[in-house]
Amino acid sequence: MKKVLVTGGTGLVGKALEAIIKKQGPTDEEWFFSGSKDADLTNLAATQALFTKEKPTHVIHLAAMVGGLFHNMNNNLDFLRNNLLINDNVLQTAHEQGCIKVVSCLSTCIFPDKTTYPIDETMVHNGPPHPSNYGYSYAKRLIDIQNHAYNDKYGHLYTSVIPCNIFGPHDNYKPEVSHVIPGMINRMHKLITEQPDTPEREKVFTVFGSGKPLRQFIYSLDLAELMIWVLRNYDSVEPIVLSVDEIQEVTIFEVAQAIATAFEFKGKLVCDTSKADGQFKKTASNAKLRSLLPEYTFTDFESAIKTSVEWYRTHYEQARK
């Protein structure tokens, strides 16, 4: 029987994986979703103890120090050091304990800042990443280098996936660390629920930046399905982009409009251009994925936003905020 260890298993993607595995029903796999309470993965001994206890044959490696644009801009050294430690501890322990396969989760922000679009798997190391999050980006890039090095030396099948921006239930809504969608959901909920005596039409929701940057967003449940497919069927050390189609790219302002619609918000949306935009676009090609899974249907963006907003409202007390 396969024993699958999911690091970072209590977060956004881990919870989505858990939901999909439950939905799929019994298989020849046993899954364990580990969180920070199970092991501090920046600590080698703690990482080794977790692997010794769970004895995984396969690993989905999600654990990372993560955050939104402004958190990254202010903490590049911490993002670099902590993620280097986590990744090396997980991959080396997987090697020492004889794991058959490791699938690590990267991010489209690792791609070069100056590049042509769409970006694809062959372009990861073609130049420096955007300066706003170079610590996180370089640490994540090195997983790909390390995967190839384990493959060269030992023939290990350690691979990686590169998702576009992820959102969904169980996201992190804390203002200082949240990504754009959970950040907006949290702020709009606060705007609607606070000052109950102010008519909603008079309330103003602020979009940070110009609202013009373009992004592809993947619903966490879709990503979970695709990552399970990678674990079971994708047998290459080369990374694979897991992204919605290029035509599904939206502006940040369109994201705000979709969230406002989901909340039935009747107020006004305005852009604060004094705030940084970050990278203008990160358009990724999913041609490799489409060549292998041509029929896969992604969840409609507005529907996924609606479900995510409903989850936040229902689980407001438990949400990470």
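This is a predicted model: local features need pLDDT of at least 70, side-chain atom pairs count only at pLDDT 80 or more; totals for chains, interfaces and linings use all residues.
Visitor: Which domains does the domain assignment give, and how far apart do their C-alpha centres lie?
Guide: The assignment, which is automatic or from a database, gives domain 1 (2–167 + 217–244) and domain 2 (180–213 + 247–281 + 300–318). Contact, meaning heavy atoms within 4.5 Å, links 10 residues of domain 1 with 18 residues of domain 2. The C-alpha centres of domain 1 and domain 2 are separated by 28 Å.

Visitor: How are helix H1 and helix H7 oriented to each other?
Guide: Helices are DSSP runs of H or I with at least four residues, strands are runs of E with at least two, and both are numbered from the N terminus. The axes, lines fitted to C-alpha atoms and for helices over the stretch in contact, have angles from 0 to 180 degrees between N-to-C directions; those of H1 (residues 12–24) and H7 (residues 220–233) come within 8 Å and cross at roughly 70°. Angles under 35 degrees count as roughly parallel, over 145 as roughly antiparallel, 65 to 115 as roughly perpendicular and the rest as oblique. Therefore H1 is described, relative to H7, as roughly perpendicular.

Visitor: How many nonpolar, polar and charged residues does the contact of H1 with H7 have?
Guide: On the H1 side the residues include Leu 12, Val 13, Ala 16 and Leu 17, and on the H7 side they include Leu 223, Ala 224, Met 227 and Ile 228. In this sorting, Ala, Val, Leu, Ile, Met, Phe, Trp, Tyr, Cys and Pro count as nonpolar, Asp, Glu, Lys and Arg as charged, and the others, Gly among them, as polar. By class, the contact of H1 with H7 has 12 nonpolar, 2 polar and 3 charged residues.

Visitor: Which residues have the most contacts inside the largest nonpolar core?
Guide: A nonpolar core is a set of buried Ala, Val, Leu, Ile, Met, Phe, Trp, Tyr and Cys residues joined through side-chain atoms within 4.5 Å, where buried means under 20% relative accessible area, exposed over 50% and partly exposed in between, with a 1.4 Å probe and protein chains only. The largest such core has 63 residues, and those with the most contacts inside it are Leu 17 and Met 227.

Visitor: Which residues does Met 227 touch?
Guide: The count leaves out residues up to four places away in sequence. With that limit, Met 227 touches Val 13, Leu 17, Ile 60, Leu 62, Val 103, Cys 105, Val 161 and Leu 242.

Visitor: Is Lys 55, which has a positive phi, buried or exposed?
Guide: Lys 55 has a phi of about 50° although it is not a glycine, and its place is in the loop between helix H2 (44–54) and S3. Because its relative accessibility is 59%, Lys 55 counts as exposed.

Visitor: What is the phi of Glu 264?
Guide: Glu 264 lies in the loop between helix H8 (252–263) and S12, and it is exposed, with a relative accessible area of 59%. Its phi is positive in a residue other than glycine, with a value near 55°.

Visitor: How far apart in space are Asp 277 and Phe 208?
Guide: Asp 277 lies in the loop between strand S12 (268–272) and helix H9 (287–292), and at 32% relative accessibility it counts as partly exposed. Asp 277 and Phe 208 are 69 residues apart in sequence, while their distance in space, C-alpha to C-alpha, is 7.6 Å.

Technical notes
Residues are numbered from 1 along each chain as its sequence is written. Side-chain values use heavy atoms; hydrogens and water are left out.
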